[in-house]
Amino acid sequence: MRVVIADDEVLLRDGLARLLQDAGFEVAGRCGDADALLRMVNARQPDVALVDIRMPPHHGDDGLVAAQEIRRRHPEIGVLVLSHHLESRYAMRLLEKAPERAGYLLKERVSDLAVLADALRRIGEGECVIDPTIVSRLVARKRERGPLDQLTDREREVLELIAEGHSNRAIGQALFLSPKTVESHISQIFMKLDLRESPAHHRRVLAVLTFLRSA
Amino acid sequence: MTWRKRWLRLHVLSPIRRLLAVGLYVAVAVVTLAIVRGEPGYALAGHSAVALAGELAAGALLVVAALVAGARQPGALVAWPLAAAGIAWPLAEWNSPGAGAAFTAGLVLYAVWPCLLAHAALRTDQRPLGQPAIALLAVAYATSLGVLGVASAAVFDPIARGCFECPANRLLISGATDAWHKLGQVGLALSVAWVAFFVALVAARVVRSSPARRRLVAPALIPAVAAVALFGVDAAHSVERGFLSNDSTDRALWVGEMAALSLVAAGVAWERVRARRTRSALARLVVDLGASPPPGGLQEQLAALLGDPTLTLLHSLDDGEHWIDAEGRPAALPAGGSREATRIVAGGRQVSALVHGARLLDDPALAQEIARAARLGLEHERLNAARRAHLAQLRASRARIVATADAERRRLEHDLHDGAQQRLVTLALSARLARRQLAADEPALEAELGIAEEELRAAVAELRELAHGLFPTVLADEGFGPALEVLAEQTPRLVPRTVPEGRFAAPVESAAYFVVAESLRRTAGGDVAVDARRLDGRLVLEVACAGELAGAATELEDRVGALGGELVADSHNLRAELPCGS
């Protein structure tokens with residue numbers, strides 16, 4: 001899997017590259033700002049771009065804007081945004097227009113190779129990934145009535161795990177359920193959220209988006 | 001001011017001058033009575049005792065009016081020409097065969113009263129004459145005293161004109177030629193011309209002046225202009241003939257002149273009454289203002305009293321350096337043009353100023369009268385205005401302090417994210433890389449590094465919370481509504497029930513946000529429900545806490561107060577109203 005890394009902190013960029021190379025990823029390029037990232041993605045056509053949200057020139061949400069731009073120009077290339085912000089709004093902004101092949105993780109996940117590598121692979125497969133901390137915050141929140149109220153507690157747990165980017169098998173393991181039970185929960189969720197018409201892997205993404213929106 | 005005081009004094013009739021004026025008029029009246037009774041056929045009053053009484057009364061009224069009207073009274077015709085016009089009015093009868101020794105004086109002075117009256121009218125309110133008025137009066141006096149007076153007398157031989165009973169003309173040089181007739185025609189034509197010019201000049205002045213001013217001068221000025229105009233008509237009527245006479249037209253016009261002169265006197269007297277009324281109303285003001293008037297109450301009363309609805313009252317706290325209005329807002333005195341300022345001085349310092357239409361308060365006595373009568377009210381208003389100005393300054397400085405604090409919070413938030421947090425993340429990554437290399441050889445050290453890595457991650461999370469608490473980026477990026485949503489995500493017991501759409505000014509957004517954040521901080525547990533809505537140019541924020549609110553809300557009061565808003569709090573509820581413009 002080919003990855004480009006964009007982060008203005010050289011030490012972190014290089015460390016991350018070494019870590020990913022060790023884990024079997026091919027690092028196709030490294031850069032330090034949004035413009036260089038867009039050029040590099042254009043030239044090297046990686047599978048996924050790993051992008052820090054805060055980058056020159058504005059040190060605001062330049063990375064997020066660049067990630068959205070990549071999704072728009074190259075629908076086949078995935079993006080994983082690393083962010084300081086725990087707020088779901090930033091994740092929403094990334095996922096709302098094109099929820100496939102996109103992920104949003106907190107910056108400190110860079111040292112947690114298992115989470116990072118899993119997220120990159122799932123994005124490569126066309127799914128979307130949201131940091132578990134953000135998901136659990138959304139779940140904990142008191143909210144007014146919404147589409148998620150129709151879900152049972154178990155179904156909601158499953159949806160949370162889908163949102164975090166877990167596969168059916170991983171969900172089964174986490175909740176001590178058989179793969180068949182997991183599948184039946186998921187089809188219930190799709191039905192209750194009115195997602196029956198869409199193609200299979202797309203439905204997972206849409207379910208996550210519904211989860212994000214209604215939270 | 002000294003030059004102006006001296007100038008004023010010139011136009012006030014001193015007691016001796018008053019006595020002189022009265023004595024002179026009595027003498028003129030007695031002589032006139034004798035002349036008219038002696039030769040009624042040559043007189044304008046004729047055989048009518050009523051006409052004669054009216055004639056003498058009109059002059060007397062003018063003299064009295066000139067004496068009672070102080071020169072300082074606004075709207076008054078200037079005193080000495082007015083008194084002189086009153087004294088000169090009966091002299092029109094003196095160029096009569098019955099005039100005896102006064103005959104020569106009559107020949108010179110019979111047509112001088114309109115000049116004096118015009119003079120008084122043009123000097124209304126001690127107004128400086130100006131070039132056109134000076135030229136006009138020069139022509140008028142030259143015509144009356146020169147052409148129709150001395151020059152005509154020099155060539156008027158009564159005997160040659162067939163007046164055998166006429167007394168001797170002591171100015172006669174030669175009456176042989178037809179010069180007298182020609183001079184009379186020229187003089188009367190000139191009279192018509194200057195009267196027309198006078199009427200136009202006064203009309204132009206009246207048109208240019210403010211409505212308040214017009215109301216003030218009209219009662220005396222209009223009849224004065226009418227009297228002079230009637231004289232002009234009589235002159236026009238007499239041009240062909242070459243002299244003023246007493247045919248039926250002359251007499252009708254003369255009756256009109258007499259009535260107009262009486263009205264001038266009445267107008268002056270009315271002005272006097274009005275001024276007195278104003279002063280006593282001013283005195284009553286003190287009583288009216290006793291019961292704590294609303295800001296600007298005095299201004300309204302003074303505006304009504306002086307008849308200028310545009311009148312405004314300003315105050316100064318630093319002897320006229322800076323001015324504020326009744327609400328305490330900075331204001332400026334007019335620099336000229338159609339508005340004027342009358343400054344009110346107390347204890348040697350400029351304390352207040354009346355800004356009004358030009359020339360409304362030309363009478364310094366009236367301004368002082370206002371200052372005296374309304375002193376308590378003025379002082380009360382001035383202190384109120386000062387209090388409001390201080391409040392506004394305080395609010396502005398509060399707003400600056402809050403804005404500075406917010407800017408500092410944002411800078412800290414930035415620094416934490418870009419500096420410390422970034423370094424900690426890099427450090428955690430380095431620890432991870434070191435662990436990978438150590439894994440096989442040094443399991444103990446590898447485990448230590450694992451703990452360090454966990455600690456670093458926890459530190460990053462704590463720093464993030466700290467930074468967010470300082471100033472949430474989303475508040476600046478996306479506004480109050482989204483920031484509230486984010487806060488609810490972070491603190492599940494916050495329930496945003498109603499959130500307004502759109503953006504507000506940054507200080508309003510941060511004040512609203514911190515009211516909510518503080519409510520969360522100050523309650524130990526339980527839901528905190530928030531309703532925020534836009535209402536009549538205000539952002540109304542209602543926070544209902546299930547738990548009890550602990551501690552004081554000083555910082556929130558500062559924030560809300562800095563915006564001119566209101567904060568009401570009890571043990572479970574907070575309600576903030578923030579002006580937001582729309």
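In chain A, the loop between α2 and β3 contains A:Gln45, where helices (H or I, at least four residues) and strands (E, at least two) are DSSP runs numbered from the N terminus. A:Gln45 has a phi near 45 degrees, a positive value in a residue other than glycine. With 13 other C-beta atoms within 10 Å, A:Gln45 is partly exposed; a residue is buried if 20 or more other C-beta atoms, placed from the backbone, lie within 10 Å of its own, exposed if 12 or fewer, and partly exposed in between. The model is predicted, and local features need pLDDT of at least 70, side-chain atom pairs count only at pLDDT 80 or more, and totals for chains, interfaces and linings use all residues. Residues are numbered from 1 along each chain as its sequence is written, while chains are lettered from A and ligands numbered from 1 in the order in which they are written.

A positive phi of about 50 degrees is also found in chain B, at B:Asp536, which is not a glycine. B:Asp536 is placed in the loop between β7 (528–535) and β8 (538–545) of chain B, and with 8 C-beta neighbours inside 10 Å it counts as exposed. Most residues other than glycine have a negative phi, and most peptide bonds are trans. A cis peptide bond, with omega of about 5 degrees, joins A:Pro56 and A:Pro57, and A:Pro57 lies in the loop between β3 (48–52) and α3 of chain A.

Chain A comprises 10 helices and 6 strands. An open sheet is formed by 6 strands of chain A in the order β2-β1-β3-β4-β5-β6, with parallel pairing; two strands pair if DSSP finds at least two bridges between them. Its edge strands, each pairing on one side only, are β2 (26–31) and β6 (128–130) of chain A, and the twist from one strand to the next averages 20 degrees. Helix α1 (residues 10–22) of chain A lies across β1 (2–6) and β2 of chain A and runs at about 175 degrees to β2(A); axes are lines fitted to C-alpha atoms, for helices over the stretch in contact, and angles run from 0 to 180 degrees between N-to-C directions.

Helix packing in chain A includes the pair formed by α2 (residues 34–44) and α3 (residues 62–73), whose axes come within 9 Å and cross at roughly 20 degrees. The two helices, α2(A) and α3(A), are therefore roughly parallel to each other, the cut-offs being under 35 degrees for roughly parallel, over 145 for roughly antiparallel and 65 to 115 for roughly perpendicular, with the rest oblique. The crossing of α2(A) and α3(A) is right-handed, the term used if the near helix is turned clockwise from the far one by less than a right angle, and left-handed if anticlockwise. On the α2(A) side, A:Ala34, A:Leu37, A:Leu38 and A:Val41 meet A:Asp62, A:Gly63, A:Val65, A:Ala66, A:Glu69 and A:Ile70 of α3(A), two residues being in contact if their C-beta atoms, placed from the backbone, lie within 7 Å. The residues of this contact divide into 7 nonpolar, 1 polar and 2 charged, where Ala, Val, Leu, Ile, Met, Phe, Trp, Tyr, Cys and Pro count as nonpolar, Asp, Glu, Lys and Arg as charged, and the others, Gly among them, as polar.

Helix α3(A) also packs against α4 (residues 88–97) of chain A, the axes coming within 9 Å and crossing at roughly 10 degrees; α3(A) and α4(A) are therefore roughly parallel to each other. Here A:Leu64, A:Ala67 and A:Gln68 in α3(A) meet A:Tyr90, A:Arg93, A:Leu94 and A:Lys97 in α4(A), and the residues of the contact comprise 4 nonpolar, 1 polar and 2 charged.

Chain B has 18 helices and 10 strands, and 40% of its 582 residues are buried, while 47% of the 215 residues of chain A count as buried. Between the chains, 29 residues of chain B are in contact with 25 residues of chain A. On the side of chain B that touches chain A, α13 (375–438), α14 (443–470), α15 (473–478) and α16 (480–490) each supply at least two residues, and α13(B) gives the largest share, 13 residues. By class, this side of chain B has 12 nonpolar, 7 polar and 10 charged residues.
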